[in-house]
Amino acid sequence: MSTTDHSIERKHTNARMSKIVQYGGLVYLCGQTANGGPHAEADIATQTGEVLARIDALLQEAGTGRERILSTTIYLRDIADFAAMNAVWDAWVPAGTAPARTTLEARLGASNLLVEMTVIAAR
């Protein structure tokens with residue numbers, strides 16, 4: 001798909017959502033959380049690392065990478081986890097490529113989830 005192609009491409013789609021939506025040179029990822037497996041009861045640093053790894057994999061599948069992220073919205077179950085989440089985030093974001101970012105406290109979809117991230121990236 002070229003950047004001038006205005007068709008919408010959806011990947012990993014079910015009745016509720018798509019994990020990846022691509023349009024006009026942009027990549028939109030649905031909210032990413034820890035997978036509910038062994039890290040479901042993990043601390044914020046472990047869950048953040050898993051979320052970022054999932055984002056990396058989806059961005060790679062979409063033909064882009066973390067250095068091309070334009071915007072990220074981060075939802076924390078408890079804003080007291082802000083510093084611990086940032087420690088993992090700061091080590092993950094390539095120097096000089098920090099996206100526009102918003103972080104807020106929110107109730108998440110399951111009681112064991114501590115963090116969720118939504119990303120928009122350029123291809």
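Modeller: Helices here are DSSP runs of H or I with at least four residues, numbered from the N terminus. The model is predicted.

Colleague: Why are Trp89 and Trp92 said to be separated by about one helical turn?

Modeller: Because Trp89 and Trp92 are 3 residues apart in helix H2. Helix H2 spans 82-92.

Colleague: What makes Trp89 and Trp92 an aromatic pair, and why is the pair called tilted?

Modeller: Their centres are 5.5 Å apart, and the rule asks for centres within 6.5 Å. The planes make 45 degrees; under 30 degrees would count as stacked and over 60 as edge-to-face, so this pair is tilted. By this rule the count comes to 1 aromatic pair. Trp89 is buried, and Trp92 is buried as well.

Colleague: What lies over the face of Trp89?

Modeller: Arg101, at 5.2 Å from the ring centre. The distance cut-off for CZ of Arg is 6 Å.

Colleague: How do you know that Gly25 is buried?

Modeller: The relative accessible area of Gly25 is 12%, and buried means under 20%, so Gly25 is buried. Gly25 lies in the loop between strands S2 (18-23) and S3.

Colleague: Which residues have the most contacts inside the largest nonpolar core?

Modeller: Leu29, Ile55, Leu59, Met85, Trp89, Val115 and Met117, in a core of 22 residues. Helix H1 gives the most to this core, with 6 residues. Leu59 touches residues including Val27, Leu29, Ile69 and Val119, leaving aside those up to four places away in sequence.

Technical notes
Residues are numbered from 1 along each chain as its sequence is written. This is a predicted model: local features need pLDDT of at least 70, side-chain atom pairs count only at pLDDT 80 or more; totals for chains, interfaces and linings use all residues. Side-chain values use heavy atoms; hydrogens and water are left out. A nonpolar core is a set of buried Ala, Val, Leu, Ile, Met, Phe, Trp, Tyr and Cys residues joined through side-chain atoms within 4.5 Å. Buried means under 20% relative accessible area, exposed over 50%, partly exposed in between (1.4 Å probe, protein chains only). Helices (H or I, at least four residues) and strands (E, at least two) are DSSP runs, numbered from the N terminus. Contact means heavy atoms within 4.5 Å. Rings of Phe, Tyr and Trp (its six-membered ring) pair if their centres lie within 6.5 Å; planes under 30 degrees apart count as stacked, over 60 as edge-to-face and the rest as tilted. A charge sits over a ring if NZ of Lys or CZ of Arg is within 6 Å of the ring centre and within 35 degrees of the ring normal.
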